[in-house]
Amino acid sequence: MENSVTQDGIASVLSLDSSSAQPQIVVQVVDLKPVGNRYTFNANDGKTKIKAMLPATLTSEIVSGKIQNLGLIRLLDYTPNDIPGKSGEKYLLVIKCEAVASALDSEIKTKASTGIMLKPKQEFVAKSASQIINEQRGNAAPAARMAMTRRVHPLVSLNPYQGSWTIKVRVTNKGILRTYKNARGEGCVFNVELTDEEGTQIQATMFNAAAKKFYDTFQKGKVYYISRGSLKLANKQFKTVQNDYEMTLNEYSEVEEAGSEEMFIPETIFNFVPIDELGPYVNQKELVDVIGVVQSVSPTMSIRRKSDNEMIPKRDIVLADETKKTVVVSLWNDLATDLGQELLDMADKYPVIAIKSLKVGDFQGVSLSTISKSDVVVNPDIPEATKLKSWYDSEGKETSMSAIGSGMSPSANNGSRSMYSDRVCLSHFTTNPSLGEDKPVFFSTRAYISFIKPDQAMWYRACKTCNKKVTEAMDSGYWCEGCQKKDKECSLRYIMAVKVSDSTGEAWFSAFNDEAEKMIGCTADELNILKSEEGEVNEFQTKLKEATWSAHLFRVSVSQQEYNSEKRQRITVRGVAPVDFAAETRLLLQDISKNKMTSQ
């Protein structure tokens with residue numbers, strides 16, 4: 001009978017050792033329910049039930065109704081695993097299965113004599129499991145023998161408490177071999193990102209002898225069998241893939257290329273952050289993934305690295321997304337020269353690119369930079385790219401975009417970057433001189449510009465290509481060290497200090513070009529023209545006076561700067577917007593409600 005479970009099937013599975021061939025058994029699905037992006041259930045053979053988990057790849061089978069609660073499925077490939085923290089208890093991680101029957105009327109319960117064992121495949125009847133394994137080993141490559149000796153485990157099944165295991169993974173990213181020096185001495189380290197057939201990822205790190213042994217072995221894009229590694233909880237500050245654990249390989253770990261095996265191509269898994277939500281990641285250790293439409297591509301620049309004085313190539317691109325914000329992404333090294341040139345050639349087609357593992361900096365408010373492990377995919381075949389391209393072609397091209405670092409809408413509901421979150425008075429800064437000692441902290445405040453010092457250096461001469469500071473060339477024009485080129489003209493960009501005040505006190509804010517333009521009401525070039533004009537009415541002084549005693553909403557970062565061996569608080573404007581009095585009223589009403597609840 002096809003529509004019946006395998007008698008004592010679960011008991012036979014649990015009694016297998018690691019080298020035994022897997023029997024295919026039919027079980028009933030009981031208590032099927034979603035957990036994250038997977039489904040769990042109890043596998044029932046009539047006598048025994050065991051917890052089981054289905055892979056994410058079978059979610060569509062459940063949604064379509066092929067696999068149903070109280071239905072029957074045949075387990076084709078699976079792995080028994082210990083349940084962490086529960087000694088002796090196991091669960092089945094199902095790798096492959098097929099639906100046998102739709103939902104039955106009730107849960108199957110049988111006695112020992114009434115269960116029906118499905119007839120196994122002929123090869124298992126004719127030969128014992130050990131005979132089959134031995135015959136296959138004789139003709140198999142070393143890597144294949146390794147997989148047969150110890151059954152391949154999916155990455156999702158691994159945990160620090162597990163014994164021996166073997167995984168089959170593709171190297172989807174390979175870091176550089178780095179040297180380090182600390183109190184315990186000198187050494188070297190490198191890491192790789194590994195992905196299995198299900199798309200699960202994990203980062204593996206190797207130190208010293210293991211790093212030297214496996215650095216040349218691991219090649220990006222190739223598939224390997226790996227065993228004899230160890231797992232520990234991942235450090236969230238440094239992890240680059242979505243996994244609770246990270247792997248460490250030592251010099252005794254086994255790594256063999258699966259050259260003769262059927263290759264699998266894992267999808268690059270992205271965890272995109274919208275451009276208008278990048279603020280909380282500024283100067284943090286956490287890396288981000290971004291997708292956007294390429295708006296512009298700069299020429300290649302050569303930047304002198306401070307650590308070793310070496311010149312390295314850099315290219316800036318501007319990305320935009322559906323949040324109607326843009327951000328500058330700096331491509332470095334090979335990405336600047338190779339991929340950068342490819343993007344420059346196709347810039348007029350506005351390609352969509354997805355970038356994995358970007359560092360978020362604070363240049364021009366918010367900026368992104370590639371690192372050695374960054375991965376860039378041009379026009380990726382993913383739903384997010386299709387949706388973004390459709391939006392850009394239909395309305396994005398005609399939409400007015402603004403740089404993420406130049407401020408944000410006061411009504412934007414984007415967590416810690418909203419003008420109405422983390423709201424403080426100026427006294428919060430003046431009474432806490434150690435704010436931002438460990439890392440920059442972000443706040444919002446509402447204040448008046450009370451004074452702009454007219455004789456300060458309010459702007460600098462900037463390169464029209466990269467906005468970096470330029471110097472006067474020997475003959476004529478201006479020299480940009482960043483672009484390594486001379487230009488006949490330059491532009492002026494604001495870099496100024498303004499005093500702001502509220503009912504609790506006053507403080508000095510540092511403001512850069514985009515934010516200062518909003519406060520002053522004109523560009524630095526325009527203000528410079530007013531300053532140079534002569535006449536009875538000083539238009540320059542008038543412009544500065546008009547800018548004072550105007551209320552603004554400010555988004556600021558607070559950090560510590562060392563000056564003459566003394567630490568000083570620096571408050572930098574990251575965004576500025578006019579006061580929305582309706583929104584301010586709602587904020588005050590919320591504060592009143594909170595105070596009422598606290599006092600009750």
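Because the model is predicted, local features need pLDDT of at least 70 and side-chain atom pairs count only at pLDDT 80 or more, while totals for chains, interfaces and linings use all residues. Residues are numbered from 1 along each chain as its sequence is written, and side-chain values use heavy atoms, with hydrogens and water left out.

Let us start with the whole protein. It holds 13 helices and 29 strands, where helices (H or I, at least four residues) and strands (E, at least two) are DSSP runs numbered from the N terminus. Of its 600 residues, 44% count as buried; buried means under 20% relative accessible area, exposed means over 50%, and partly exposed lies in between, with a 1.4 Å probe and protein chains only.

Five strands form a closed barrel in the order E1-E2-E3-E5-E4, with mixed pairing; two strands pair if DSSP finds at least two bridges between them. Neighbouring strands of this sheet are turned by 45° against each other on average, direction ignored. The axes behind such angles are lines fitted to C-alpha atoms, for helices over the stretch in contact, and angles run from 0 to 180 degrees between N-to-C directions.

E1 runs antiparallel to strand E2 (residues 38–44), joined to it by six bridges, and Val30 has Asn42 as its bridge partner in E2. E1 is also antiparallel to strand E4 (residues 72–82), with four bridges between them; here Gln28 has Leu72 in E4 as its partner.

Three strands make an open sheet in the order E23-E24-E25, with antiparallel pairing. Strand E23 (470–472) and E25 are the edge strands, each pairing on one side only. The twist from one strand to the next averages 35°. Between E23 and E24 there are three bridges in the antiparallel sense, and Thr471 stands opposite Trp479 in E24.

The structure holds two cavities of 30 Å³ or more. On a 1 Å grid over the protein atoms alone, a cavity is a set of points where a 1.4 Å probe fits but cannot get out, and lining residues have an atom within 4 Å of a point. Grid points are joined across faces, edges and corners, and a volume is the space filled by probe spheres set on the points. The largest cavity has a volume of about 50 Å³. Its lining includes Ala462, Cys463, Lys464, Val470, Tyr478 and Cys480. Strand E24 (478–480) and strand E25 (485–487) are the elements that give two or more residues to this lining, and E25 gives the most, with three residues. By class, the lining has six nonpolar, no polar and five charged residues, with Ala, Val, Leu, Ile, Met, Phe, Trp, Tyr, Cys and Pro counted as nonpolar, Asp, Glu, Lys and Arg as charged, and the others, Gly among them, as polar.

Next, two buried strand residues are worth a visit. Ser367 sits in strand E19 (residues 367–378) and counts as buried because its relative accessibility is 9%. Leaving aside neighbours within four places in sequence, Ser367 is in contact with Val327, Val328, Lys359, Val360, Gly361 and Asp362. Phe509 belongs to strand E27 (residues 505–512) and is buried, with a relative accessible area of 1%. Not counting residues up to four places away in sequence, Phe509 touches a set of residues including Leu426, Phe429, Met496, Phe554 and Ile571. The C-alpha atoms of Phe509 and Ser557 are separated by 9.8 Å, although these residues are 48 residues apart along the chain.

Finally, consider two backbone details. Most residues other than glycine have a negative phi. Asp8, in the segment before helix H1 (9–14), has a positive phi, near 55°, and is partly exposed at 27% relative accessibility. Trp549 also has a positive phi near 55°. This tryptophan, Trp549, lies in the loop between helix H12 (539–547) and strand E28 (551–563), and counts as exposed because its relative accessible area is 57%.

Note on methods:
1 Å grid on protein atoms, 1.4 Å probe; cavity = no way out; pocket = protein on both sides within 12 Å on 5 of 7 lines; lining within 4 Å. Contact = heavy atoms within 4.5 Å.
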